[in-house]
Amino acid sequence: MTRDPSALAPMANAIRALAMDAVQAANSGHPGMPMGMADVATVLWTQFLKHDPSQPKWSDRDRFVLSAGHGSMLIYALLHLTGYEAPTMDDIRNFRQMTSPCAGHPENFLLEGVECTTGPLGQGLAMAVGMAMAERHLNATFGDDLVDHRTWVVAGDGCLMEGINHEAIGLAATLKLGRLNVLWDDNKITIDGDTSLSTSEDILARYAATGWHVGSCDGHDFADIARALTEAAADPRPSLVACRTIIGKGAPNKQGSHSVHGAALGADEIAAAREYLGWTAAPFEIPADILANWRAAGAAGKTARADWEARAASHPQAAELARRMAGELPAETGFDAYIQSLIANPPKVATRKASEMALEALTAAIPEMVGGSADLTGSNNTKTKSTAPFNADNYAGRYVYFGIREFGMATAMNGMALHGGVIPYGGTFLVFSDYCRNAVRLSALQHQRVVYVFTHDSIGLGEDGPTHQPVEHVMSLRMIPNLLVFRPADAIETAEAWAIALANKDRPTVLALTRQNLPPLRFDTEMKSAKGAYRLVSAEAARQVVLLATGSEVALAKDVAATLEAQGIGADVVSVPCWELFDEQDAAYRTDLLPADVLKVSIEAGVTLGWQKYVGDGLTIGMDTFGASAPAEVLFDHFGFAVDKIVPKILSRIS
């Protein structure tokens, strides 16, 4: 591909023209960033990025992440110009409209070539760290012939200001992820105005102190950009390149100001920009010679892809890599034998321990499982004998010490899952899920198989007190669409939750697990948790009450039912490990479990909001206050989770 500025400049201007025209047509969007970064992107996509638009899922392609997702027209223009099947010019013409895959911010499930959903600033860069981790892990497993690629990121000032940036770059530096290169759109502008309004830090010094290679370039000098990117690619450390740019470059009256950041330029300024750039083509038209240069740049990747396919054709591990990249589980997962062991020797253990026991079996049989914890390994019980540490000395390892970086851990896991070939899981305390909630939401939005091991799930954690005792957290996580939230009641339900999580390729899972020991309640192999709720105990006397419970309160519900039965009151116990799966069952199943003519009572050590959809005008036994510092058994009694406090409430309703 030519490096002649006389050819590259018109190619970059094609990006500028598409960006300003699409935003103008929508009367909505962000033209400034794509116009400012057009020159940098042109050098990257014509001289450095390894990809093949005809095979967008080629596993050894470079990953390109537009962390500054508001500048989405940059990637839409690049995908179209280099020859991806989509977006078409009609798609771009309908930017930000319901019928177009060119959403306001890039969505990984709408377009091939969009590696991740970005827009929440900082998370794209942080997910790229996970992609780089996955690449190094698979490279260590399968070798250079099958896995040998880079991760490139375009990030803005906002991405570098967000707190997640601190967590992500520290992890990347510690792991020495030298295949990760971040191109900073250093335009010194945010929505409010000049960056001096809100920050005075030396970004390059911060990155250098963290352990990154840092460089800089004139973001509008093609040769200088290429020099800086070459240096970044050659350095064994992760790299940050400060690309000094002018936001809205090419709009003569607005470039360099915050007014060009997030609004259409207007017809007059677009006309002025066309004259300034020497761009005479009509809106949404690319001159044939310029388009031919772009298509040639895209086609250049076919050679690298064909060479890779030739190597893979005779490689003894190619089929295994393909299986992992496809997200298919191995034929034998270790689950069935493990369930049989639980039935033979039913354990009384905390569900966090039950999770560890399940993981011992699963990680031994499923090599793509890569786990970790945000500095709570011994509490989350996430490490197994099969998962050696993943670090700069052993990328083949399968256990990541994420440090006290809950948000960084969650975003990295998203990146690992998006890269493919890895099934990530990671642990922290449930109360700290708030630190990483936005990443959990992105797991669900992006349809990624990420497993969150959130332990210490209630006041049952005891003396650490209300700062550490989740009350609202399980319910708030249930509000996130496309997220499975499990609160298992014993070891078998915990194992089933793991099996279901691994089987769901297109959605993430939360496991909310206890600190305290729970008795065994199930002694069968039927995958009952797959229905989300099931009848654990059937009434012996005429049914008057249905008790719904989750987690540690299921055993309590059994005791309540036994007390009611002793008084001639029939009571079912329904365990509800996963609301989302229960809601997906047909009406007949749900009605059978929750008939209309009985008192329905929910029991859960958390907020009661939400249970009304199941119990109607029945009873909700829970806690709508914060907890306290005391031993678990004292707390459960104090907050009303005791047979002698629940039974009278039920009797008062059915008498």
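Trainee: Is arginine 179 buried, partly exposed or exposed?
Mentor: This is a predicted model, in which local features need pLDDT of at least 70, side-chain atom pairs count only at pLDDT 80 or more, and totals for chains, interfaces and linings use all residues. Buried means under 20% relative accessible area, exposed over 50%, and partly exposed in between (1.4 Å probe, protein chains only). Because arginine 179 has a relative accessibility of 21%, its class is partly exposed.

Trainee: Which residue meets arginine 179 in a salt bridge?
Mentor: A salt bridge requires a side-chain nitrogen of Lys or Arg within 4 Å of a carboxyl oxygen of Asp or Glu. For arginine 179 the N to O distance is 2.6 Å, and the partner is aspartate 148.

Trainee: How many residues apart are arginine 179 and aspartate 148?
Mentor: Arginine 179 is in the loop between α8 (163-174) and β3 (180-186), and aspartate 148 is in the loop between α6 and β2 (151-155). Helices (H or I, at least four residues) and strands (E, at least two) are DSSP runs, numbered from the N terminus. The pair links distant parts of the chain, and the separation is 31 residues.

Trainee: In which helix do arginine 227 and aspartate 224 both lie?
Mentor: Their side chains meet in a salt bridge of 2.8 Å, N to O. The two residues are three apart, about one turn of the helix, and that helix is α10 (residues 222-234).

Trainee: What separation in sequence does the salt bridge between glutamate 496 and arginine 522 span?
Mentor: The closest N and O atoms of glutamate 496 and arginine 522 are 2.6 Å apart. Glutamate 496 belongs to helix α21 (residues 491-503) and arginine 522 to the loop between β15 (517-518) and β16 (534-537), so the parts tied together are separated in sequence by 26 residues.

Trainee: How many salt bridges does the structure hold?
Mentor: Asp52, Lys302, Arg305 and Glu309 are linked in a network of salt bridges. For the structure, the count of salt bridges is 34.

Trainee: Why is the pair of tyrosine 207 and tryptophan 212 assigned its geometry, and what is that geometry?
Mentor: Rings of Phe, Tyr and Trp (its six-membered ring) pair if their centres lie within 6.5 Å; planes under 30 degrees apart count as stacked, over 60 as edge-to-face and the rest as tilted. The structure holds 17 aromatic pairs. In the pair of tyrosine 207 and tryptophan 212, the centres are 5.0 Å apart and the planes stand at 85 degrees, so the geometry is edge-to-face.

Trainee: Which residue lies over the face of tyrosine 589?
Mentor: Ring pairs link Tyr589 into a cluster with Trp579, Phe582, Trp611 and Tyr614. A charge sits over a ring if NZ of Lys or CZ of Arg is within 6 Å of the ring centre and within 35 degrees of the ring normal. At 4.9 Å from the ring centre of tyrosine 589, the residue over its face is lysine 531.

Trainee: What is the relative accessible area of glutamate 604?
Mentor: Glutamate 604 is in the loop between β19 (599-603) and α25 (612-615). Beyond its neighbours within four places in sequence, its contacts (heavy atoms within 4.5 Å) include Arg478, Arg487, Trp611 and Phe641. Glutamate 604 is buried, with a relative accessible area of 4%.

How values were computed: Residues are numbered from 1 along each chain as its sequence is written. Side-chain values use heavy atoms; hydrogens and water are left out.
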